[in-house]
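Grab a pencil and work through these exercises with the structure open beside you. Try each task before you read its solution.

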Amino acid sequence: MKARYTQLLKNKTRELGFEYCGISKAEFLEEEAPRLEQWLHEGRHGSMGWMENHFDKRLDPRLLVDGAKSVVSLLLNYYPEKELENSEYKISKYAYGKDYHTVIKDKLKELIFFLQQEIGGINGRAFVDSAPVMDKVWAKKGGLGWVGKNTNLINRDTGSFFFIAELILDVELEYDGPIKDYCGTCTRCLDACPTDALQTPYVIDASKCISYLTIELKENIPEEFKGKMDNWVFGCDICQDVCPWNSFSKKHQHQEFTPKGELVTMSNKDWEEMTEEAFGPLFKDSAIKRTKFKGISRNITFLKNT
Ligand code: SF4
Ligand code: SF4
């Protein structure tokens, strides 16, 4: 049964467009517990207080789904055919197209529905970039890659430009083993980070990361980051762009992640003169709406005054 269910599940994930699927046993993350505690204790999560919540649940999927047996990790490629280059202002590649939360949630709903039809009586929950689940750790346990010194999950065949999603299921499946770390002696990501958010390999100081500063931070960007933001207005890809494993990235095949024409042609002037009225329709289906107009204009003002 286990083998049949695993095959059914993996075939369906491929049909839904996920490039990779790895399965691990739902159990307490013993190795991660002290690391997470230390990271939070050192305040490396900045003002993201919500990261302190659900501490126990983040370490044990059985507290999220009754009788959980398996964690299914899924990767969806978002590496674009071409970078946006009409403007000096940069946005992270993951935000070029439609909001990944929406795209992936629809796929996961379909997947759970399919499993309920085929297996019957199963209980499960789906997560996309959601606080209670340590997505990279599970994907690593499921053999989809290793967590590199830049703290991203890296797949040996296609790099790190992937969204990660999970299903926690109360069904026993065949588990995939972890793979080894292939960072070796490389330090490119640590050397390239302009804000020193990666001072220690494998540990990110999120409170210094441009992604946090441009998206999560609600107050003003601290003066100490002047001249270090490298023109990023939403997110930052530097530590992924310099990673040698990303020379193996393959263009995604997901129409939803193709940028709108208006975004492709945006110039510096368009970004700088954008009004709230223009921001709304342009980013209504995009992950960029998370910062709201206020966030984007704060970021642009900060960059202009640098
Ligand atoms: S995303 Fe940018 S700022 Fe954040 S750690 Fe990577 S290089 Fe540094
Ligand atoms: S840039 Fe080098 S050290 Fe950093 S994640 Fe990639 S392989 Fe690892």
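**Exercise 1.** How many residues in the shell around ligand 1 are nonpolar, how many polar and how many charged?

*Solution.* A quick word on the ground rules. This is a predicted model, where local features need pLDDT of at least 70 and side-chain atom pairs count only at pLDDT 80 or more, while totals for chains, interfaces and linings use all residues. Residues are numbered from 1 along each chain as its sequence is written, chains are lettered from A and ligands numbered from 1 in the order in which they are written, and side-chain values use heavy atoms, with hydrogens and water left out.

Step 1: list the neighbours, meaning residues with a heavy atom within 4 Å of the ligand. Around ligand 1 you'll find Cys193, Thr195, Ala197, Leu198, Ile204, Cys209, Ile210, Cys236, Ile238 and Cys239.

Step 2: sort them. Ala, Val, Leu, Ile, Met, Phe, Trp, Tyr, Cys and Pro count as nonpolar, Asp, Glu, Lys and Arg as charged, and the others, Gly among them, as polar. That gives nine nonpolar residues, one polar and no charged ones.

**Exercise 2.** In what order do the four strands of the open sheet lie?

*Solution.* Step 1: know your terms. Helices (H or I, at least four residues) and strands (E, at least two) are DSSP runs numbered from the N terminus, and two strands pair if DSSP finds at least two bridges between them.

Step 1: read off the order, β1-β2-β7-β4, with antiparallel pairing. At the edges sit β1 (20-25) and β4 (124-128), each pairing on one side only.

Step 2: zoom in on one pair. Six bridges join β1 to β2 (residues 70-77) in the antiparallel sense, and Lys25 stands opposite Ser70 in β2.

**Exercise 3.** Which residues line the largest cavity?

*Solution.* Step 1: define it. On a 1 Å grid over the protein atoms alone, a cavity is a set of points where a 1.4 Å probe fits but cannot get out, and lining residues have an atom within 4 Å of a point. Points are joined across faces, edges and corners, and the volume is the space filled by probe spheres set on them.

Step 1: count and size. There are three cavities of 30 Å³ or more, and the largest holds about 60 Å³.

Step 2: name the lining of the largest cavity: Leu84, Glu85, Asn86, Ser87, Tyr89, Ile91, Leu263, Val264, Met266 and Trp271. By class, that's seven nonpolar, two polar and one charged.

Definitions and conventions: On a 1 Å grid over the protein atoms alone, a cavity is a set of points where a 1.4 Å probe fits but cannot get out, and a pocket is an open set with protein on both sides within 12 Å along at least five of seven lines; lining residues have an atom within 4 Å of a point.
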